[in-house]
Amino acid sequence: MADPLTVLVAARDEEERIGATVDALRLAFPGAEVIVADDGSRDGTAAAAAAAGATVISLPAAGKGQALSAAERVAPPGRLLLVDADLRGDPSPLLRSEADLVIAAFARRSGGGFGLAKRIGRALVRLRSGFEPREPLSGQRALSPAARAACFPLAPGFGCEVRMTIDAVRAGLTVEEPELELEHRATGRDLAGFVHRGRQLVDALVASGPLRVNYRGARLPLVGWLVALDGPAVAAVAAAGLADDLWSGPERGFRAHLLSGRTTGVLKLVGIPAVALAVTRSLSGALLVGLSANAVNQLDTRPGRALKAYLLARAALGGRPRRADLLAVLLLPYDLREMGMLGDAGSNALGAVLGFESVRRFTGPGRIAAIGALATLTIVGERRSLGTMVERSRVLGPLDRLGRARL
């Protein structure tokens, strides 16, 4: 007996087309549930989809990948069929293949630009997986339960298809690209079309890099490594944090890492103070930088929290502007809207910047007091959640929530 099927459709401002698409899908797959993720539509897309018999989940505008991921979370176990909201034609041949991931290749090209986004998409898939795709950007895809487990949650935005193929191939799953007689609304060689393909290209590039799942279950690009641009010492700290982002285990806190032995957390525990010692040539300086890096990292449990703490601390410390200050300001809206994550690379690096600035400012008793305060914060964080304490604070709570997306 075949696994049950669920059809997922991400839609934004598709009031005119979504009803016909849902009708066609329900006719082609009478036993399947059709779930439409309304991605922040400003028209009657949700009402039209519901009237046609789809299950509708309404979301703020978060992008195609996050919309499909939200729909997948409410879908029952089994196979998935992903289709675009403006699809015309019969996608049922996708389900006849035995492959884990089946991607529709359109038999006829309609509209489009000069093929740059598609060529770069192919190159990205080939670079990350060794597979040479014909249709790296096609949104019409059938996934087996194994492919569903390997690919979801999807990468954000229009990069979700490129990363889906990469993840499936790297998981050792089979991929096929049959040619089908399908059509959808094509973009032209006008301003709107070039803007759309430009977004596709940027999203594909970002999706092919390091990603991590946040507390809400969204899979986001790690962008905190950009703080490495502040300078060589901060870059070394960011590298240690990035290693933890990419290869960390389930351990949390100093004690868990020390008991486990050789973990990426131990690498940070040793490596960050070692970098600081080489730069400051002071044991107290090494302690101050290491504790600062850990403190900001402990706060990075909700969007925007670590960046706000960094900017407030930098304002208090004063001194000449640094590249990290500008980067923090630029990254803050993306972090708040859950379009990117600092990760350990960014939070540890920002904390190290605060540590180095504190070493320059504080000497003698002032430095000892700063070390004591940060050590106390670290001990408290080992026993209780600093994030929970911030959220419950009447003063810090509203500031913590300010600007955060309500998804």
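These notebook entries record what I looked up in a predicted model.

**Nonpolar cores**

I began with the largest nonpolar core, which has 33 residues. Val-289, Leu-307, Tyr-310 and Leu-350 are the residues with the most contacts inside it. I then listed the helices that each supply at least two residues of this core: α8 (232–247), α10 (264–280), α11 (283–299), α12 (305–317), α13 (323–336), α14 (343–361) and α15 (365–383). Apart from this core lies another, of 26 residues, and Ala-11, Ala-49, Leu-81 and Phe-106 are among them. I noted the general background that nonpolar side chains tend to be buried together in soluble globular proteins.

For Val-289 I looked up the contacts, leaving aside neighbours within four places in sequence. The partners are Ile-272, Ala-276, Ala-352, Gly-355, Phe-356 and Val-359.

**Helix α11**

I checked the length of α11 against its residue count. At 1.5 Å a residue, its 17 residues should span 24 Å, and the end C-alpha atoms are 25 Å apart, which agrees. As to cover, 14 of the 17 residues of α11 are buried, and the helix is thus recorded as mostly covered.

**Ser-358 in α14**

Ser-358 is found in helix α14. I recorded Ser-358 as buried because its relative accessible area is 9%, and buried means under 20%. Not counting residues up to four places away in sequence, Ser-358 touches Leu-288 and Leu-317. I also took the distance from Ser-358 to Met-339: the two are 19 residues apart in sequence and 31 Å apart in space, C-alpha to C-alpha.

**Backbone entries**

Pro-153 is found in the loop between α5 (145–151) and α6 (160–170).

Asp-13 has a phi of about 55° although it is not a glycine, and its place is in the loop between β1 (5–11) and α1 (15–28). Glu-338 also has a positive phi of about 55° and is not a glycine; its place is in the loop between α13 and α14.

Are these residues buried or exposed? Asp-13 is partly exposed, with a relative accessible area of 27%. Glu-338 is buried, with a relative accessible area of 1%.

**Thr-45 in α2**

Thr-45 is found in helix α2 (residues 45–51). I recorded a relative accessible area of 0% for Thr-45, so this residue is buried. Leaving aside neighbours within four places in sequence, Thr-45 is in contact with Ala-11, Arg-12, Asp-13, Glu-14, Glu-15, Ile-18 and Asp-38.

**Cavity**

How many cavities of 30 Å³ or more does the structure hold? I found one. About 50 Å³ of space lies in the largest cavity. Its lining consists of Ala-10, Lys-64, Leu-68, Leu-82, Val-83, Asp-84, Gly-139, Arg-141, Cys-160, Glu-161 and Met-164. The elements that give two or more residues to this lining are α3 (64–74), β4 (79–84) and α6.

Notes: Residues are numbered from 1 along each chain as its sequence is written. This is a predicted model: local features need pLDDT of at least 70, side-chain atom pairs count only at pLDDT 80 or more; totals for chains, interfaces and linings use all residues. Side-chain values use heavy atoms; hydrogens and water are left out. A nonpolar core is a set of buried Ala, Val, Leu, Ile, Met, Phe, Trp, Tyr and Cys residues joined through side-chain atoms within 4.5 Å. Buried means under 20% relative accessible area, exposed over 50%, partly exposed in between (1.4 Å probe, protein chains only). Helices (H or I, at least four residues) and strands (E, at least two) are DSSP runs, numbered from the N terminus. Contact means heavy atoms within 4.5 Å. The expected span of a helix is 1.5 Å times one less than its number of residues. On a 1 Å grid over the protein atoms alone, a cavity is a set of points where a 1.4 Å probe fits but cannot get out, and a pocket is an open set with protein on both sides within 12 Å along at least five of seven lines; lining residues have an atom within 4 Å of a point. Grid points are joined across faces, edges and corners, and a volume is the space filled by probe spheres set on the points.
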